[in-house]
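Biologist: I am new to reading models like this one. Please take me closely through one part, the place where parts meet, and then show me what lies around it.

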Amino acid sequence: MLLAVENLHVSYGGIRALKGISFEVEEGKIVALIGANGAGKSTTLRTICGLVRAQSGRIEYKGTVVNKVPPYKIVGMGISMVPEGRRVFTRLTVLENLEMGAYSRGSSQEAKESLANVFKRFPRLQERKSQLAGTLSGGEQQMLAMGRALMSRPQLLLMDEPSMGLAPMLVEEIFSIIREINNSGTTILLVEQNAHMALSVAGSAYVLETGEIALSGPAAEMADNPEVRKCYLGE
Amino acid sequence: MFFQQLVNGVTLGATYALIALGYTMVYGIIQLINFAHGEVYMIGAFVGLIMVAVYKVNFFIALLAAMAVCIPLAVLIERVAYRPLRNSTRLAPLISALGVSIFLQTLVTLIKGDPNPLGFPHVIQDTVYALGPVKFSLIQVVILIVASLLMVFLEITVKYTKIGKAMRATSEDYETANLMGINVNHVVSFTFAAGAALAAAGGVLVGMYFNSINPFMGVTVGLKSFCAAVVGGIGSIPGAMLGGLLLGIAEVFGVAAGFDTYKEAISFGLLIIILLFRPTGLLGHPIQRKV
């Protein structure tokens with residue numbers, strides 16, 4: 001198992017955001033975490049990458065417990081995050097944003113190779129590399145956030161709501177890129193409100209409801225589950 | 001006359017700019033108004049004085065020594081007085097900064113034995129150069145050259161080096177910078193160090209220029225430089241440079257117009273007017289509220 005989360009409890013300021021969730025991410029797969037607003041999806045990702053401290057429970061990555069590892073060290077271990085709302089550095093150029101993504105990579109040779117790969121995957125970023133990231137469109141910013149996360153060559157990519165605020169056509173494009181990234185060997189843990197798209201790319205899925213796992217199983221089965229169809233696929 | 005005052009104003013403003021940069025950089029990264037920054041400048045002046053008066057070194061060695069003392073001092077202040085409060089309310093580190101400021105003023109007074117001003121030996125000759133009707137003293141030339149070099153050096157560091165880019169990223173989005181693998185604590189320490197180096201240089205330069213230093217010199221100058229940073233747009237590096245220059249020029253012209261006693265009123269009045277029209281400062285970024 002690449003990532004194993006066991007009985008994870010997280011609270012902020014008296015609110016219990018996660019009430020003992022457990023799930024696993026198998027190497028090479030796309031795992032989707034779906035659920036309504038406030039279910040604890042983002043909290044889960046933020047806890048894995050160290051921005052939020054777990055109250056109890058364990059997060060095991062490649063057999064090592066990473067609960068107490070500070071966020072800036074998590075990247076070096078091979079976990080990279082595409083944060084919710086993209087969070088590109090708007091006052092830095094596209095190229096500088098990508099350089100920040102490779103910050104944990106010591107050698108500039110590796111960073112150069114990563115950059116070439118990212119530009120191959122996102123040619124639009126290469127065209128705009130000297131532009132300030134704040135001048136990019138929403139879709140381009142999402143690509144930049146993804147490219148930036150790939151610069152550290154993660155084994156596990158955490159993606160928080162990559163489709164948020166994007167036009168349907170762009171959502172399709174983003175999800176086909178997610179599939180490509182996974183095909184080239186990166187494991188993905190995907191958090192989405194767009195359950196339909198998430199289930200269409202994922203191998204397995206977990207449904208979070210108010211801080212607890214309500215349902216889990218192979219994505220295809222979940223997509224057929226009447227309860228999921230009713231609550232998350234709008235039927 | 002006009003050009004002469006302009007030269008004097010720019011010289012004074014350059015020293016404000018050096019100090020204002022420390023306020024603006026620290027604010028940009030951790031949103032803290034570092035009230036102890038003026039004291040770092042004061043200690044820089046004292047170290048410079050000790051070096052030239054006791055050790056008889058030349059001006060440049062004194063400048064470097066002041067930086068060498070102030071850099072670790074500022075890094076230590078951040079570690080001891082601000083970092084433990086990073087996740088508390090915003091008021092707590094502010095109070096802590098005021099405490100550090102008073103502590104350092106008192107400490108220097110105690111070591112010195114009294115709060116009276118000390119003169120600065122004439123390490124730079126009183127040569128005066130004339131360019132038409134405008135006169136430059138050698139010390140003014142030195143201030144302008146040293147301040148410009150330091151600011152150019154800072155600009156290059158922030159723009160092109162890895163740590164400089166990390167500073168800009170951290171100042172825009174602390175949390176995401178962390179996710180990139182940037183150890184933001186290193187960035188914060190570096191920011192304090194850079195600000196302290198500039199303030200230390202400012203202290204030595206001002207000490208020589210006005211030929212007088214005292215343990216409380218950091219209070220007014222610190223306040224003025226902080227205002228310069230706000231007028232330029234707090235968090236903006238070119239803003240601090242511009243704000244410092246404007247403040248220096250306003251002050252010198254106020255004095256030249258015969259309002260010596262009101263010089264502070266004139267410069268601060270100008271600041272209020274600028275802020276009324278541009279609340280985020282001349283070069284500040286519009287305030288974005290994160291949802």
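Modeller: What follows starts at the meeting of two chains, then moves out from there. Keep in mind that this is a predicted model. The predictor gives the complex an ipTM of 0.92 and a pTM of 0.92.

Start with the contact between chains. On one side are 14 residues of chain B, and they are in contact with 20 residues of chain A. Which helix gives the most to the side of chain B that touches chain A? That is α6(B), with five residues. Helix α7 of chain B (174-179) also supplies at least two residues to this side, as does α6 of chain B (162-172). What kinds of residue are found there? The side of chain B that touches chain A divides into five nonpolar, four polar and five charged residues.

Now zoom in on one residue of helix α6 of chain B. Ser171(B) is found in this helix. Is Ser171(B) buried or exposed? Count its neighbours. There are 26 C-beta neighbours inside 10 Å, so Ser171(B) counts as buried. The cut-off for buried is 20 or more. Which residues does Ser171(B) touch, apart from its neighbours within four places in sequence? They are Gly28(B), Ile29(B) and Gly235(B). Ser171(B) and Tyr23(B) are 148 residues apart in sequence, yet 13 Å apart in space, C-alpha to C-alpha.

How confident is the predictor in chain B? Its average pLDDT is 92, and 98% of the residues score at least 70. Helix α3 of chain B (residues 59-82) has the highest confidence in the chain, at 97. Helix α11 of chain B (residues 263-277) has the lowest, at a mean of 85.

Cross over to chain A. This chain is divided into two domains: domain 1 covers 1-78 + 154-235, and domain 2 covers 89-153. Their centres, taken over C-alpha atoms, are separated by 23 Å. Ten residues of domain 1 of chain A are in contact with eight residues of domain 2 of chain A. On the domain 1 side, helix α7 of chain A (residues 168-183) gives the largest share, three residues. That side of domain 1 holds eight nonpolar residues, two polar and no charged.

Next, the strands of chain A. Strands of a sheet pair through backbone hydrogen bonds, either parallel or antiparallel. One open sheet has four strands in the order β2-β1-β4-β5 (chain A), with antiparallel pairing. β2 (15-25) and β5 (64-65) of chain A are the edge strands, each pairing on one side only. Strand β1 of chain A (residues 3-12) runs antiparallel to β2(A), and eight bridges join the two. For an example, find Leu3(A), which stands opposite Val25(A) in β2(A). Helix α1 of chain A (residues 41-48) packs on this sheet. The helix touches β1, β2 and β4 (56-61) of chain A, and its direction makes about 70° with that of β2(A).

Finish with a hairpin. Strand β9 (residues 204-209) and strand β10 (residues 212-218) of chain A run antiparallel, joined by six bridges. Ala205(A) has Gly217(A), in β10(A), as its bridge partner. How many residues lie between the strands of this hairpin? There are two, and Thr210(A) takes a positive phi near 35° in the hairpin.

How values were computed:
Residues are numbered from 1 along each chain as its sequence is written. Chains are lettered from A and ligands numbered from 1 in the order in which they are written. This is a predicted model: local features need pLDDT of at least 70, side-chain atom pairs count only at pLDDT 80 or more; totals for chains, interfaces and linings use all residues. Domain bounds come from an automatic or database domain assignment. Two residues are in contact if their C-beta atoms, placed from the backbone, lie within 7 Å. Ala, Val, Leu, Ile, Met, Phe, Trp, Tyr, Cys and Pro count as nonpolar, Asp, Glu, Lys and Arg as charged, and the others, Gly among them, as polar. Two strands pair if DSSP finds at least two bridges between them. Axes are lines fitted to C-alpha atoms, for helices over the stretch in contact, and angles run from 0 to 180 degrees between N-to-C directions. pLDDT is the predictor's confidence in each residue, from 0 to 100. A residue is buried if 20 or more other C-beta atoms lie within 10 Å of its own, exposed if 12 or fewer, and partly exposed in between; C-beta atoms are placed from the backbone.
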